[in-house]
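Hi,

Here is the structure I promised to pass on.

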Number of protein chains: 2
Amino acid sequence: MSQSPHIHPYADYLPRAEKEKLLGQRGKVLWFTGLSGSGKSTIARSLERLLHDLKRPSVVLDGDNVRTGINSNLGFSDADRAENIRRVAEVAKLFCQNGLLVLCCFVSPTRALRGLARQIIGEDDYIEIYVQTPLEECEARDVKGLYARARRGEITNFTGISAPFEEPENPHLIIQTLHCSADEAAREVLRFLQPRMELHT
Amino acid sequence: MSQSPHIHPYADYLPRAEKEKLLGQRGKVLWFTGLSGSGKSTIARSLERLLHDLKRPSVVLDGDNVRTGINSNLGFSDADRAENIRRVAEVAKLFCQNGLLVLCCFVSPTRALRGLARQIIGEDDYIEIYVQTPLEECEARDVKGLYARARRGEITNFTGISAPFEEPENPHLIIQTLHCSADEAAREVLRFLQPRMELHT
C-alpha cells in the first residue's frame, strides 16, 4: 500500500472556465489563411498590440516562431506540411484551453489542411479568417523574395505559382488588404472577435 | 511596387516584457523530473490551483495533454523520447515567452534529455525540480498499473525497472514526497518560485 495517501493521483487540471475568468476573456483561435505575402502575420501582430491595449493576452503563432522552434525538423513535403499544421493546431489548442487568444498565421492552402486544424481545435473555438490579397499583389510585394525564387524554379511546390491555393469555402471573415493598412485590417478582425471573446456573465 | 505601403512586413511581436507586465509576473518553466508515480503531475496540478488563487496564470504540460495531443504520433523508442522532450520544451518556451508559468511533468530520466530541455528553454527560464520519491514507493502506489506491467515484461525499457533513472546532478529544488501531501509539496515549490516570478519594478 502507498505510504502517501494524500497524494491524489489524477487530480484534474484547473478548469478552462476558471482560467478564462482570471484572464477576463474566452479563449479563441483565429486561423489566418492566405497566400504568402498576403499580410497574415502583419495583421496578426497589429492585432496582438490592439488586444494588449485592451488588456487581453494573446499569442501569435507563425512561421517565424514555429518553423524555427517546434517544427524546425519539418520540411515542405506534403506529409511535412500536414504535420506542420497538425502540430500548430495542437499548440493553439493548448493556448486556447488556457484562456488565451491565439492568432495562427499559416498559408494552409488546402481545405484538407484547414479542416485538420478545425477538427483539432474544435468547432467552438476555431475562427477562420481569409486574408484575400490577389496573387499579383503578393508577388509585387514579395517581402521575402520567395516569389522571385519560385518563378526561377528554385522553390518548387510554391503556393500560387506551382501549387494551388484552394479558397476557403465558408470562412468566418474575409479581409481584403489591397486598400487598407495592417492596422485597419486588424481593427476589422477585432470588431468581429470582440463579442466572441467576451465572457458570458 | 506594392500598392499597400502601410502593410509593414516583419512587424515585431509584442515584446515579452509587455506581456509579463500585463500578466503581472515573469514567465518561468518549472521542469519536474522523477520516476513514474513520483507525484510530478499531482504536485503540478496542486500548484496550478495555488497560483490561480494568487491570480497567476499557469499551464500544466504532462503526459495526459501532450501524449494525446501534439505528441500523439510518438512512441517510446529512444528517438521518440527525445523528440517528445524536444517538442514539450519548445511548447513550454512559447508559453514562457508569452509570460505564463509553465509546469512541465515528464520522467525525463537522463541528463541528456533534461539538458536538451534546458538548452531549448534557456538558462534564465529553466527551473529543474527533482521529485525524489523512492522507487519502492512509486511501485507500491503504481497508480497506472505500469510497474506491474513492467515487472511482467509487458513494457520494456521502463524507467526504474528496465531502464535507468539518472538522478539530477544539480537541480534547483528537490521535493521529497514520502511524508508530505501534494498540497504541501506544491507549497514548497511555490515558496521557491515566488521571488523568481515577481516582476522587478
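**Helix packing in chain B**

Bear in mind that this is a predicted model. I started with the two helices α4(B) and α5(B): from the α4(B) side, R81(B), A82(B), I85(B), R86(B), A89(B), E90(B), A92(B), K93(B) and C96(B) touch L113(B), L116(B), A117(B), I120(B) and I121(B) of α5(B). Sorted by class, that contact comes out at 10 nonpolar and four charged residues, with no polar ones.

As for the geometry, α4 covers residues 78-97 of chain B and α5 covers residues 111-121 of chain B, and their axes come within 9 Å, crossing at roughly 30°. Angles under 35 degrees count as roughly parallel, so α4(B) is roughly parallel to α5(B). The α4(B)/α5(B) crossing is right-handed.

On α4(A) the residues in contact are R81(A), A82(A), I85(A), R86(A), A89(A), E90(A), A92(A), K93(A) and C96(A), and on α5(A) they are L113(A), L116(A), A117(A), I120(A) and I121(A). By class, the α4(A)–α5(A) contact has 10 nonpolar residues, four charged and no polar.

**The sheet in chain A**

Next, the strands. Chain A has an open sheet of five strands, ordered β2-β3-β1-β4-β5, with parallel pairing. Which strands stand at the edges? They are β2 (58-62) and β5 (173-175) of chain A; each has a single partner strand, so one side of each has no neighbour in the sheet. From one strand to the next, the twist averages 20°.

Is β1(A) buried or exposed? Six of its six residues are buried, so β1(A) is largely enclosed by the rest of the structure. In a regular strand, side chains alternate between the two faces of the sheet. In β1(A), K28(A), L30(A) and F32(A) point one way, while V29(A), W31(A) and T33(A) point the other way, and all are buried.

**Two backbone spots in chain B**

Finally, a couple of residues with positive phi that are not glycine. D142(B) has a phi near 35° and sits in the loop between α6 (135-141) and α7 (146-151) of chain B. D142(B) counts as partly exposed because it has 17 C-beta neighbours inside 10 Å. The other one is N157(B), a non-glycine residue with a positive phi of about 55°. N157(B) is found in the loop between α7 and β5 (173-175) of chain B. With 12 other C-beta atoms within 10 Å, N157(B) is exposed.

Over to you.

Cheers

How values were computed. Residues are numbered from 1 along each chain as its sequence is written. Chains are lettered from A and ligands numbered from 1 in the order in which they are written. This is a predicted model: local features need pLDDT of at least 70, side-chain atom pairs count only at pLDDT 80 or more; totals for chains, interfaces and linings use all residues. Axes are lines fitted to C-alpha atoms, for helices over the stretch in contact, and angles run from 0 to 180 degrees between N-to-C directions. Helices (H or I, at least four residues) and strands (E, at least two) are DSSP runs, numbered from the N terminus. Angles under 35 degrees count as roughly parallel, over 145 as roughly antiparallel, 65 to 115 as roughly perpendicular and the rest as oblique. A crossing is left-handed if the near helix is turned anticlockwise from the far one by less than a right angle, and right-handed if clockwise. Two residues are in contact if their C-beta atoms, placed from the backbone, lie within 7 Å. Ala, Val, Leu, Ile, Met, Phe, Trp, Tyr, Cys and Pro count as nonpolar, Asp, Glu, Lys and Arg as charged, and the others, Gly among them, as polar. A residue is buried if 20 or more other C-beta atoms lie within 10 Å of its own, exposed if 12 or fewer, and partly exposed in between; C-beta atoms are placed from the backbone. Two strands pair if DSSP finds at least two bridges between them.
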